[in-house]
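User: Could you take a close look at one part of this structure for me, namely the salt bridges and their surroundings? I would like one connected account, with every cut-off spelled out.

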Amino acid sequence: MGDRVVVAGLGLEAVVTALHDGTADLDVRGKRMRSSVRDLRVVASASAAAPAKINVHVELQPREAGPSDLNVIGCTVDEALSRAERFLDESLLTDQRTVRFIHGYGTGQLKRALAGFLESHPLVLKVMTAPPEQGGGGVTVVELKE
């Protein structure tokens, strides 16, 4: 039982589920069927088909701290938001709790788009403008949730 067979004349591949006097019960893609044993050709025996048990040991190493700044100057709003999403995910994995988004001054379009995105993001605890000595209005500082 458990052998993979091909039913002669039909060309169907099946698994033997039971053996009787000269006949076999088969499972053909979830359908039950009975066939004469002499019409079957074994393609894989149950003992050969049984997967070997392998022990695998996985040891997770803490991730190295990545950059704490993301510079999106020159990006379109869509590019900046896409990069910001990836950056937040990576920051969470590296256990960083404060990150900075460098968007520059320009027209203020990137700053507004990032602010709206960050204020509604589930990982963000607090959004604020950087102090003047760290970029002022051209940089947004974000505190992430624990």
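**Salt bridges and their surroundings**

Analyst: Let's begin with Asp25, which is buried at 17% relative accessibility; here buried means under 20% relative accessible area, exposed over 50%, and partly exposed in between, with a 1.4 Å probe and protein chains only. A note on the basis: this is a predicted model, in which local features need pLDDT of at least 70 and side-chain atom pairs count only at pLDDT 80 or more, while totals for chains, interfaces and linings use all residues. Residues are numbered from 1 along each chain as its sequence is written, and side-chain values use heavy atoms, with hydrogens and water left out.

The partner of Asp25 is Arg34, and their side chains form a salt bridge at 2.8 Å, N to O. The term stands for a side-chain nitrogen of Lys or Arg within 4 Å of a carboxyl oxygen of Asp or Glu. Arg34 itself is exposed, at 52% relative accessible area, whereas Asp25 is buried.

Across the whole structure, the search finds three salt bridges. Another of them joins Glu13 to Arg4 at 2.9 Å, N to O. Here both ends are partly exposed: Glu13 has 39% relative accessibility and Arg4 has 34%.

That leaves Arg100 and Asp69, whose side chains meet at 3.0 Å, N to O. Arg100 belongs to strand β7 (residues 98-102) and Asp69 to strand β6 (residues 69-71), so this pair ties together parts that are 31 residues apart in sequence. Strands are DSSP runs of E with at least two residues, helices are runs of H or I with at least four, and both are numbered from the N terminus. Asp69 is partly exposed, at 30% relative accessibility.

Arg100 also leads us to strand β9, where its bridge partner is Val141. β7 and β9 pair in the antiparallel sense over five bridges; two strands count as paired if DSSP finds at least two bridges between them. Strand β8 (residues 124-129) likewise pairs with β9 in the antiparallel sense, over five bridges, and Val124 has Leu144 in β9 as its bridge partner. Five of the six residues of β9 (residues 139-144) are buried, so this strand is largely enclosed by the rest of the structure.
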